[in-house]
Amino acid sequence: MKQRIVSGMRPTGKLHFGHYLGVIQNWVNLQDEYDCNFFVADWHALTTKYDNTEELRQNVLDVAMDWLACGIDPNKSTIYVQSLVPEIAELNIYLAMCTPQNWVERDPTLKDMVKILDKKEATNSQISYGLLGYPVLMSADIMMLNAQVVPVGIDQVAHIEITRDIARRFNNIYGKQYFNEPQPKLTQVPLFCGLDGNKMGKSNNNDIKISDDEKTTEKKLMRAITDRTRIKKDDLGHPDLCEVVYKYWEIFGDAQTVSTVNCECKAGQRGCADCKRALAKVINEKFAPIREKRRYYEEHISEVEDILREGSNKAREEAKKVLADVRELVRMY
């Protein structure tokens with residue numbers, strides 16, 4: 001039997017290159033080796049956007065279309081919507097009842113979520129009960145399908161610890177080693193910063209979307225920062241000081257091309273503007289098949305809805321089995 005993976009993503013809009021390199025590409029590679037279950041975390045979106053849900057349904061579809069376009073295969077993986085598996089909410093109640101308050105308050109997941117809020121909102125009076133309980137709901141997501149593995153980056157390992165702690169505590173309280181203590185599966189993610197050198201994100205207005213067209217991609221790349229020491233086109237360059245563009249070359253270019261870019265930059269034979277245009281061409285060629293596939297799903301949105309509905313039904317059937325066992329262990333009526 002394959003080990004089971006559960007992982008999700010909040011629907012905050014169309015996904016960008018950071019999502020692709022940091023998460024989706026890894027998910028695609030895991031599909032043949034594991035029993036993969038990927039969910040769109042629409043309840044989690046409410047922890048910070050409960051008063052701004054006008055685009056929530058479209059955001060769910062956008063995330064799903066990006067996943068499908070990038071290679072998440074519904075024939076290999078279960079793709080579902082968190083809120084369409086209501087068993088998660090009931091499990092969340094049972095887990096919340098036996099989770100100590102101080103566990104939640106010190107959990108790095110909660111701290112990370114609070115940072116998403118504007119500074120003016122990030123006060124104790126503004127943190128909602130739902131946001132405070134985010135770590136427990138995250139644990140319910142993982143434990144609902146009794147996952148054994150959760151793919152994370154090295155900086156997210158601590159996020160899985162509370163799930164392991166809650167699973168262990170539940171098992172001890174109710175006298176049965178029922179829930180797995182999920183293991184983190186580390187992913188080696190290349191550092192991929194935004195166009196301004198900071199962390200890539202929609203709110204920072206420094207991202208390139210997976211679904212951006214060729215002209216938009218080139219236009220965005222033309223404002224990416226390069227070697228700040230160069231003034232004229234033929235000035236000698238310093239690739240190691242090129243905080244964004246050269247790093248993008250290292251990720252998207254082949255070894256020979258990267259070597260050529262390096263040498264020409266140092267010799268003052270490659271201007272920054274020309275370098276960006278060449279990079280845009282390489283990136284657009286790489287993402288052309290993905291973008292074409294996404295356009296297909298945009299024109300056949302009912303297929304996306306069917307995939308989400310079928311995946312949610314499949315996930316729910318598994319969740320019902322786990323919840324029945326949990327209710328028996330807790331001795332619910």
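This is a predicted model: local features need pLDDT of at least 70, side-chain atom pairs count only at pLDDT 80 or more; totals for chains, interfaces and linings use all residues.
Visitor: Where in the chain is Gln82 found?

Guide: Look past strand β3, which covers 77-81. Helix α4 spans 87-97. Gln82 is in the loop between β3 and α4.

Visitor: Is Gln82 buried or exposed?

Guide: Its relative accessibility is 0%. The cut-off for buried is under 20%. Gln82 therefore counts as buried.

Visitor: With which side chain does the side chain of Gln82 make a polar contact?

Guide: Start with the contacts of Gln82 beyond four places in sequence. They include Phe39, Asp42, Trp43 and His44. Ile88, Leu137 and Asp141 are also among them. The polar contact between side chains, at 3.3 Å, is with His44.

Visitor: Which element gives the most to the lining of the second largest pocket?

Guide: This pocket holds about 510 Å³ of space. Of its 19 lining residues, the closest to the centre are Asn92, Ala96, Tyr129, Gly130 and Gly133. Elements that each supply at least two lining residues include α2 (42-49), α5 (101-106), α7 (129-132) and α8 (134-144). The most, five residues, comes from α4.

Visitor: How many charged residues are in the lining of the second largest pocket?

Guide: Sort the lining by class. Nonpolar residues number 13. Polar residues number six. For charged residues, the lining has none: no charged residues.

Visitor: How many cavities of 30 Å³ or more does a search of the whole structure find?

Guide: The largest cavity has a volume of about 100 Å³. Its lining has 13 residues, and the closest to its centre are Arg230, Cys242, Cys265, Cys272 and Cys275. For cavities of 30 Å³ or more, the search of the whole structure finds one.

Visitor: Which element gives the largest share of the lining of the largest cavity?

Guide: Elements giving two or more residues to this lining are α11 (245-252), α12 (255-266) and α13. By class, the lining has nine nonpolar, one polar and three charged residues. The largest share is three residues, and its source is α11.

Visitor: Which cysteine has the sulfur closest to that of Cys275?

Guide: Cys275 is buried, with a relative accessible area of 9%. The closest cysteine sulfur is 6.7 Å away, so it is too far for a bond. That sulfur belongs to Cys242.

Visitor: How many disulfides does the count come to?

Guide: Recall the two distances. Cys242 is 6.4 Å, sulfur to sulfur, from Cys272. For Cys275 and Cys242, the sulfur distance is 6.7 Å. With the 2.5 Å cut-off, the count of disulfides comes to zero.

Visitor: Is Cys272 buried, exposed or partly exposed?

Guide: Cys272 is in helix α13, residues 272-299. Beyond four places in sequence, Cys272 is in contact with Thr226 and Arg230. Buried means under 20%, and exposed means over 50%. The relative accessible area of Cys272 is 25%, so Cys272 is partly exposed.

Visitor: How many Å apart in space are Cys272 and Arg106?

Guide: In sequence, Cys272 and Arg106 are 166 residues apart. In space, the separation runs from C-alpha to C-alpha. That distance is 45 Å.

Note on methods: Residues are numbered from 1 along each chain as its sequence is written. Side-chain values use heavy atoms; hydrogens and water are left out. Helices (H or I, at least four residues) and strands (E, at least two) are DSSP runs, numbered from the N terminus. Buried means under 20% relative accessible area, exposed over 50%, partly exposed in between (1.4 Å probe, protein chains only). A polar contact is a pair of N or O atoms within 3.5 Å; within protein, one must be able to donate a hydrogen and the other to accept it, and residues adjacent in sequence count only if both atoms are side-chain atoms. Contact means heavy atoms within 4.5 Å. On a 1 Å grid over the protein atoms alone, a cavity is a set of points where a 1.4 Å probe fits but cannot get out, and a pocket is an open set with protein on both sides within 12 Å along at least five of seven lines; lining residues have an atom within 4 Å of a point. Grid points are joined across faces, edges and corners, and a volume is the space filled by probe spheres set on the points. Ala, Val, Leu, Ile, Met, Phe, Trp, Tyr, Cys and Pro count as nonpolar, Asp, Glu, Lys and Arg as charged, and the others, Gly among them, as polar.
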